[in-house]
Structures are given as structure tokens and as C-alpha cells.
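Colleague: I would like to go through this model with you. Shall we take it piece by piece?

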Amino acid sequence: MRLIRTLLLTISATVLPAPAMAQDQPVAFINARIIPVSGPEIERGTVVVHRGKILAVGAGIGVPNGAQAVNCAGKTIMPGLVDTHSHVGGPSGGDGSSPIQPDCRVIDSINARDAGFQKAQAGGVTVANVMSGSGHLLSGQTVYLKFRDGKTIDELLIRQPDGSIAGGIKMANGTNSIRPASGGFPGTRAKSAALVREQFVKAQEYREKVRRAGDDKSRLPPRDLGLEALVDVLEGRRVVHHHTHRADDILTVLRLSREFGFKVVLHHVSEGWKVAEQIAAAKAPCSVIVIDAPGGKPEAQHLSLETGRILDEAGAIVGFHTDDGITDSRVFLRSAALAVRAGMNRDAALKAMTINGAIMLDLQDRVGTLEAGKDADLIVLSGDPLSVYTHVEQTWVDGNKVFDRSDPKDYLFAVGGFGASHDQHIHTDCFTHDDGHEESK
């Protein structure tokens, strides 16, 4: 108790209160089965949170004075889920004018009032990488969001310690971006890689001009927002989130990563199981989509539910994603269950839903496990997370309850029905709007 009181005083003195995080009263979740992910499961334990942070996790922990006690007997608590690849909020990036558009910022196209956010909360998602589509070699800058209750995108942003907005760069290869004789888009896989190389070389040259200019502003090159974003990639300030399916396309991404030294997370990797050793040797994390059947494109015909297991056993970091609305965020936990059914280790599958996704977003120090000092993002489940009979009963973000299945309004988002999809823009696979703008998963 003395330790908890000390932590309470420390957090009160160091955490700046904000309207969305002003959780003045500590909350203690008691009598729960706890899956901290960072260590062994606790059959009957307590999680204490205050002012948006986790204070304590374990067995035999008392309830702090003045705390709200939430009896979770018969329930399971685990970290909030991290979705490394989502399209909630109807985001869109580059248009049809060119295949590489790093100056586009997906933050400028997200509807924070989209019902997809509430549906994701109902599925236990607390953090997501929201991206534009894959119809371009590079469609723009992604944004990492906390699924708080908010009415503007600014209320959902995750910020870096320097105050900048956390996010990466969305790239793609394969058939999605191949459009012969159309706006400079490539007609072959080789031309796709050539265009990417050309743009990164320009970014290297831009970086060198800026370096040589030093403090002499008269020598600076004209500002180029797109090249600035690519310099961030070259400098490791932004990770490349790369859509890729076929084994040969995966190896092309790894080749480009080596050539230009950028950090990459491989997304989808339908044929990742064919080149698992090469992926592991390159230390490239894989964000895998787990669905019930191959997707709607030839590149996904060799998708395997065993991909997670094979990559994990090869030594690669494996995470899962929804590609929402390709997979509905409300059934995101099914991804881990299906992977385990196909032979993946249970602990590895749960890490793939939480801490491994956090690692891919460089947020592992804040989210992904239940540990003292981390953000108070957690979900309360009716049973085991891998059971088809289990429901997400509550979702908490930064110590605030954002979903409660017992609330009729939240229940509607969980199960569907009239009014459950207000404002929602469903991101689907390869279609063209009336205005000629093409999207692709």
C-alpha cells in the first residue's frame, strides 16, 4: 500500500492533467484473471490505474484508499489490442496524378466521428495505425491513433516526446500499383522498384543539399514537403509500412530496405511463409492479416493460416491487423484464435495482438503490456481471449472507459443494427469512385 501511495503521489506530480485523461480517482480492477503479456498469467489479481497510467499489476495487491473498485471475478483482463493496419475513419491519401506522393498526410482525411472507431472499441482495439490505400507505390503518411472518445482527430493523436505526430509512411508493390500508361504509374514490377529507387535517390540528394547549406538559409534548396517526408524515412524517424503479398515482392521490399537503410514493417505477407528465413534474417517485422479464406486478388491465393506460426518459429516479429473493413475490428481477437488453431504458440499469438504491434509502431514503451508506468489501455473480457464465446465487455483507454457492452448505445456498436454505422466509410478492395479516385487495400 505504501508503494501504491508513493506512485499515486509521483504520477499526480508529473502527469499534466488533460480533459480526456483527467482520471482523478484511482480505479482498481480486482479478482480478475490477468494476462499481462509481459509475464505469466495471474489467476486472480488486481490492476490499479490512475491518471491514465498503470500503477500496479499482480496478485495480493490491496485497493488504494479512495479508489473505485471494479469486481472482475470470472473476467479476464489483458492489454488493449494494437491494430497495425487499419482504415477506420475513411482515410485516403494520394490521388491519380502520380504513383509516389509522400507529401499527402492521411490525418487530413480522417473523419473522427466515423462509427468505425466505436466498433473498433467494441472489439478491444485501443491503438491503431491508420493508413491510406495501396493503389500507389507510396500513398502518403500514416498516423498512429489512440481510440479515445473524441470528436476531432486531434483528440485521438499519439504524439512523440518532441510533440510531433506519431506515424509512418505507407508504401506498396505488386499488382495494386501497376497501371500501364496511366499518370506515370508503373506497368511492371521492375518499373515499380525503379520509380521507388529514383525517388529515394532524390531524397538523398535533397538531404545532402540541406546538410551543406548548414545555417546559411540562402543556400537551402526550395522546400519540398514530399522529400522532407522521405528524409524522415532515411533518418529512421518514420518507419515504412509496406503492403506486399507475393514472395518475390517481399524480397524486393527487403532489397530496397537494404539499399537505402530504411526501417520497414511488411504488411499482409500472404506468401511470407515461403521466405520466412529471409524475413527473419532481415529483422523485418511482419503485420499479418488472418482471414477465413484467401482475399480477392490473385496475389493472396497462397495465403496460409500457418503464416504466423512459420514466421514466429523462424524468429521474425509477428503482429496481426484487420485492414478494417476487410476484417471487422469487432472480431479482431479471432486473428489470434485462428493462428493458434493453425499451430501458432498461444503466448506468441497474444503478443502478436499487443506488444508486437506496439513494437512495429515504436510505441512499446507506452502500450502493449500491463506493466506499471505504461498507459492504462486494457480490455475486460467475459472469458478466454481465444474462445469464440468470449465478448469484449469493457475497453479502457488512458484509464477512461470508452466501451461498455452493458450500455445499450455501446451494445449497438458491438452487435450492429439501425444507427450502428453512422458516417462510416467502409474501405474495400480496389474500387473506383465516380471522381476517378482509386482505392485499394
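Colleague: How many aromatic pairs does the structure hold?
Modeller: Keep in mind that this is a predicted model. Ring centres must lie within 6.5 Å to count as a pair. By that rule, the number of aromatic pairs in the structure is 4.

Colleague: Are the ring planes of Phe29 and Trp396 stacked or edge-to-face?
Modeller: Their ring centres are 5.0 Å apart. Planes over 60 degrees apart count as edge-to-face. The planes of Phe29 and Trp396 stand at 90°, so this pair is edge-to-face.

Colleague: How many residues apart are Phe29 and Trp396?
Modeller: Phe29 belongs to strand E1, residues 27-34. Trp396 belongs to strand E16. The pair links distant parts of the chain, and the separation in residues is 367.

Colleague: Are Phe29 and Trp396 buried or exposed?
Modeller: Buried means under 20% relative accessible area. Both Phe29 and Trp396 fall in that class: they are buried.

Colleague: Which residue lies over the face of Phe185?
Modeller: Here a charge sits over a ring. The distance to the ring centre of Phe185 is 3.9 Å. The residue is Arg179.

Colleague: Back to E1. How many of its residues are buried?
Modeller: E1 has 8 residues. The strand is mostly covered. The buried count is 7.

Colleague: Which strand pairs with E1 in the antiparallel sense?
Modeller: Go through the partners. E4, residues 68-71, runs parallel to E1 over 4 bridges, with Val27 opposite Gln68. E5, residues 76-79, is also parallel to E1, over 2 bridges, and there Ile34 stands opposite Ile77. The antiparallel pairing has 5 bridges, and the partner is strand E2.

Colleague: How many bridges join E7 to E9?
Modeller: E7, residues 125-130, and E9 run antiparallel. Ala128 stands opposite Leu145 in E9. The number of bridges between E7 and E9 is 4.

Colleague: Which elements do the buried residues of helix H8 pack against?
Modeller: Start with the helix itself. H8 spans residues 333-341, and its buried residues are Leu333, Ser335, Ala336, Leu338 and Ala339. They pack against strand E6, strand E14, helix H9, strand E15 and strand E16.

Colleague: Which residue with a positive phi follows H8?
Modeller: The helix gives way to a glycine. Its phi is near 110°. The residue is Gly343.

Colleague: Where does pLDDT stay under 50?
Modeller: The chain averages 91, and 90% of the residues score at least 70. Where pLDDT is low, the predicted coordinates should not be read in detail. The stretches to treat this way include residues 1-21 and residues 430-441.

Conventions. Residues numbered from 1 in each chain as written. Predicted model: local features only at pLDDT ≥ 70, side-chain atom pairs only at ≥ 80, totals over all residues. Heavy atoms only, no water. Buried < 20%, exposed > 50% of the residue type's maximum accessible area, 1.4 Å probe, protein only. Contact = heavy atoms within 4.5 Å. Phe/Tyr/Trp six-rings, centres within 6.5 Å; stacked < 30°, edge-to-face > 60°. Lys NZ or Arg CZ within 6 Å of the ring centre and 35° of its normal. pLDDT = per-residue confidence, 0-100. Pairing = 2+ DSSP bridges.
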